[in-house]
Amino acid sequence: MASQVKQNVCLIVIDGWGITDTIKGNAIANADTPVMDNLQNEYAFHSLEASGLAVGLPAGVMGNSEVGHTTIGSGRAMFQDLVKINLSIQEDALKTNKALTEAMHRAKNGNGRLHFLGLVSDGGVHSHIDHLLALLKIAKDYGVAKSFIQFFSDGRDTSPTSGVTYVQRVLNYIDEINYGTLATVVGRYYAMDRDKRYDRIQIAYEGLVKGVGQLASPEAITEVMVNRYNAVESQRQTDEFMTPIIGDQDGRIKDGDTLVFIDFRADRMRQIVEAFGIEPQFSTDVMPKDLHVVTMTEYKKQYVFPVLFPPTPPDNVIAEWLSKKGLRQMHVAETEKYAHVTFFFNGGREMQFEFEERVMVPSPKVATYNLQPEMNAKGVADEVILAIESGKYPFVMCNFAPPDMVGHTGVYEAAVTACSVTDANIGRIFEACEKNNYALIITADHGNAEKMITEDGGPFTAHTLYRVPLIMTRGKFRNITHDATLCDVAPTVLKVMGLDVPAEMSGHSLLAE
């Protein structure tokens, strides 16, 4: 039997709509936004923190769409893998990690050979150099005879020629603790392909296994890299595109070795891991046998490899909580953000909960969204209005993509149009809410379109650290004494609906009761 709902709610998540007083380069402030202006002035309004630790990211790190929707939907800050690993190192807990200690034990009591493979930089998108150095020290303390570093150079999340600084940092640390060897350097273009271009993976693999590449002592690797940076155009290589440099022939991957892949982001690790842990998808005459493969996080659910930090999907996210109460709900987005109102909003789970319905509106097929800055905001609004008018759904939610997706193009005029169109379609939904007695709650997942120009006048395409709005058209906010965050959205929605908040949600309802 469905729970009794006091008030139906429509939740709008605007993608990339932050708050700042700066007018120059602010596509939101310079757009035609009478609806949002009126809602902010006439109804309950507050700002929310949408970056850093408030959403489970490291302090000072800008929020993103995935983390934002996960936080909104789950009602709690779910520490991202980067933060989890950082905390385990800070708290000296990594050395007792079960999957890691078992790998160390196997290496120590087996052939004495351990490899750490992954992207080595401080980009923090796929991995972090600090994690590698911590793992190396743990291996030494555990008594593993030999540890080899298989260094995948970055140049994409970091400067294209910054790799030498990370190589030098690794070499300095090896000298400092008198342990480990820099065995190989190879660019992520080869080692981290994700689009089934197995010829690239083969180049990395044969460097790691057969030593196919340029030989150099570990101490000479930085010189080799600098020479490649400075080579003539056809011979020039930056970090991303480094063909293998072999620093230690003993560091080739051999029968019985133990491999620990250090990246925490999965997508660009799958092909290289499968080449070692399952079978290569290319022809090669050397395939090491009896390898023990361990991964930092779960790269794919179907893999059987031990995982240092397995996923922990949250219980009782708002979609699940409403489902348990027998309440129908509708989630709407265009193609570009469909995963965000389903997988991410539902706490990182593909499953569709009972009584949950979904509509995906096609995004326009254009090369870049500045060419059609309205995207399909109208189509999203049309579906939301249909859901509201049907009276079937006590909870309706949607995402408006244009401010973020057009903001990323760096084309200011197009972003202004994107924000104006988004505002107009929010107005259409607001009218439907008023006619059908729905409370409208509006927030955003992170900032973006409010900063389109850098300080020196160039295009700015990234997310921002600015706070985001929270608007509520029914009821008032209580006296808010804490630093309100995206965690507070789901508890507020539930209280507006007249429902209890599950204990797993650490966010606070902002509704005055």
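Predicted model: local features only at pLDDT ≥ 70, side-chain atom pairs only at ≥ 80, totals over all residues.
## Reading helix pairs and a sheet

Q: Which residues make the contact?
A: On the H6 side, look at Gly163, Val164, Val167 and Gln168. From H9 come Ile221, Thr222, Met225, Val226 and Tyr229.

Q: And what does that contact of H6 with H9 look like by class?
A: Six residues are nonpolar, three are polar and none is charged.

Q: On to the sheet. In what order do the strands run?
A: Read across as E2-E15-E14-E1-E13-E11-E12: seven strands in an open sheet with mixed pairing. The edges are E2 (44–48) and E12 (356–361), each pairing on one side only. From one strand to the next, the twist averages 15 degrees.

Q: In which sense do E2 and E15 pair?
A: Antiparallel, over five bridges, with E15 covering residues 468–472.

Q: Which strands does helix H1 (residues 34–42) touch?
A: H1 packs on the sheet against E1 (8–14), E2, E14 (438–444) and E15, and its direction makes about 70 degrees with that of E15.

Q: What about H15 (residues 412–435)?
A: H15 also packs on the sheet, touching E1, E13 (395–400) and E14. The direction of H15 makes about 175 degrees with that of E1.

Note on methods
Residues numbered from 1 in each chain as written. Heavy atoms only, no water. Pairing = 2+ DSSP bridges. Helix = DSSP H or I, 4+ residues; strand = E, 2+ residues; numbered from the N terminus. Axes fitted to C-alpha atoms, helices over the stretch in contact; angles between N-to-C directions. Contact = heavy atoms within 4.5 Å. Nonpolar A, V, L, I, M, F, W, Y, C, P; charged D, E, K, R; others polar.
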